[in-house]
Amino acid sequence: MSPTMPLFRPLSMSRTSTAPSAPHPAQSLRLLPAFHMRTFGCQMNAAESARLARMLTAGGFRESTFEDAGIYILNTCAVRDKPEQKVYSELGRIAEYCKAHGKKDALVCVGGCVARRAGDRIMQRFPQVRLLFGDGVAGVAEALTRLTEDRRLRISLSEFSATYEECPDPLCDPAQRDAFAVPPSVFVDIMQGCDNFCAYCIVPFTRGRQKSRKAENILRECRTLVAGGAREITLLGQNVNAYGLDGGGGGTSFAGLLRGLSTIPGLRRLRFVTSHPKDLAPEVVEQFGDNPVLCPRLHLPVQSGSDAILKAMKRRYDTAAYLDLVDRLRTARPDIALTTDMIVGFPGETDADFEDSMRLLERVSFASAFSFVYSDRPGTRAAGLPDKVERSAALERLARLQAYQDKVSQRLLQTQVGSDCVVLLEGRSRMPKLLQDSNGSAENFGSGAFSDGSGEAPRAYFSQLQGVVSSGNGDESGCAGNSGNGVPSGSGGGHAGASWVGRTPHGFIVNVVPEDDSDAPFTQGGLLGAMLPVRIESAAHRSLKGRQAGRPC
């Protein structure tokens, strides 16, 4: 332990608070330090970071650049080894920067999966880390206020809560409406944790057992967001379609929740991620055909096309069951766009097993597949399995899989050319010249890298679901750099003829130059959040280009 940092003193804080803490009197005497946030990992982390940024801003803190910050917040991922190692690298970079610039009072916070997995070891290795939070962000704003007042204090909020912990979002507070405008596409958490314990997955150990949120609270939040201007809602959970199976939903099933949300006046689109195939109930499958608000796109991770590997992974389905589910989904909604995750190089995977995976890709024809080389995660069952696959062989398999999937994805985009669709405009495109790029070599921020050999999820994996324009600062999400308010950067101002970006109901990214390019938000007659009829004219490598084909609504 560093001599400049006293022994760890945990702060006893309520984990059941349902309202933000009142501003501490010290806030009126001095300016609270600015914070800079970096997010690693999944879309739940990205949404969590955006919510935390809003909470901190509402509490008197200010978001800033890396150079100007006095508080550094890392919301982390430990699902694969590479993003976890990047967290340690970033902590080292922060320590070196602060030492070089005399920022001895800088406060570093680590949240998410790494905080839960490594715990106090992070504080021992990096003395500037004075706050850990691992199970949501409730209590973080209050803890940071305490930490700025007492520089000897160190706090851990990384213990699991027994039930879903409500964390009010300033975005849903009418009194904060002027400070935090509701974007057209929003994320809403409905559950946390996972009970599946797949052999390779660390989530149950870092996010805890499944905890469903009360349906009445979800419905209330969604109604407030739609009333504030949201037109699309994406429901989030580590195993989202297992909602309610733990009894925490108050008797409401996932299908019942979808039905209830679809009746909210003004809600035009509803999505959910991420699903486990074994928990996709028949009544949910039926809703893809019966519920006009539910978008025809579903992320359905298969992980492998080999029954032997699926059994070793403890996935609790085989390829026949998965393909039957795919067939039922396409019977309910023939045009549904399916996406998936694939792991290559799982312990014991043979060439024949990999060929099974390739055959499954061919059979299903996924819109996109996010693929990764297996990496051991300490504490998981798979880490102790024999017959590890040589990394060189795994990388060769990954390259082949990705090359095949890229061709399939590109063919699917080409089939959209000439079709008419409705695009929800989520912000200005960061690359206006894209529309003039006839060879499709340039790509928009959210074009959706379909696969990645780096061992961590590609950035577009999240940005295409978030509906936010990336800040371009190298973070894994678009949360940093947008003042934490959830509004796509570049969504206001500009000039006539600027290109906008949005998505179709099937989740395809579309760049378009609207005829009516107002600077005002949609609620005042402009285009942010508009549902714009578009004729698709061409396909770039991972996105579409179109022209306006009707009046926005």
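Predicted model: local features only at pLDDT ≥ 70, side-chain atom pairs only at ≥ 80, totals over all residues.
Residues are numbered from 1 along each chain as its sequence is written, and side-chain values use heavy atoms, with hydrogens and water left out.

Let me begin with the sheet, which is open and has three strands in the order 12-13-14, with parallel pairing; strands here are DSSP runs of E with at least two residues, helices are runs of H or I with at least four, both numbered from the N terminus, and two strands pair if DSSP finds at least two bridges between them. Because strand 12 (297–299) and strand 14 (368–373) each have a single partner strand, they stand at the edges, and one side of each has no neighbour in the sheet. Strand 12 is joined to strand 13 (residues 337–344) by three bridges, and arginine 297 has alanine 337 in strand 13 as its bridge partner.

Now to the helix pair, where Pro282, Val285, Phe288 and Gly289 of helix 9 meet Leu325, Arg328, Leu329 and Ala332 of helix 11, contact meaning heavy atoms within 4.5 Å.

Finally, is alanine 50 buried or exposed? This residue, which lies in helix 1 (residues 43–58), counts as buried because its relative accessibility is 14%, where buried means under 20% relative accessible area, exposed over 50%, and partly exposed in between, with a 1.4 Å probe and protein chains only.
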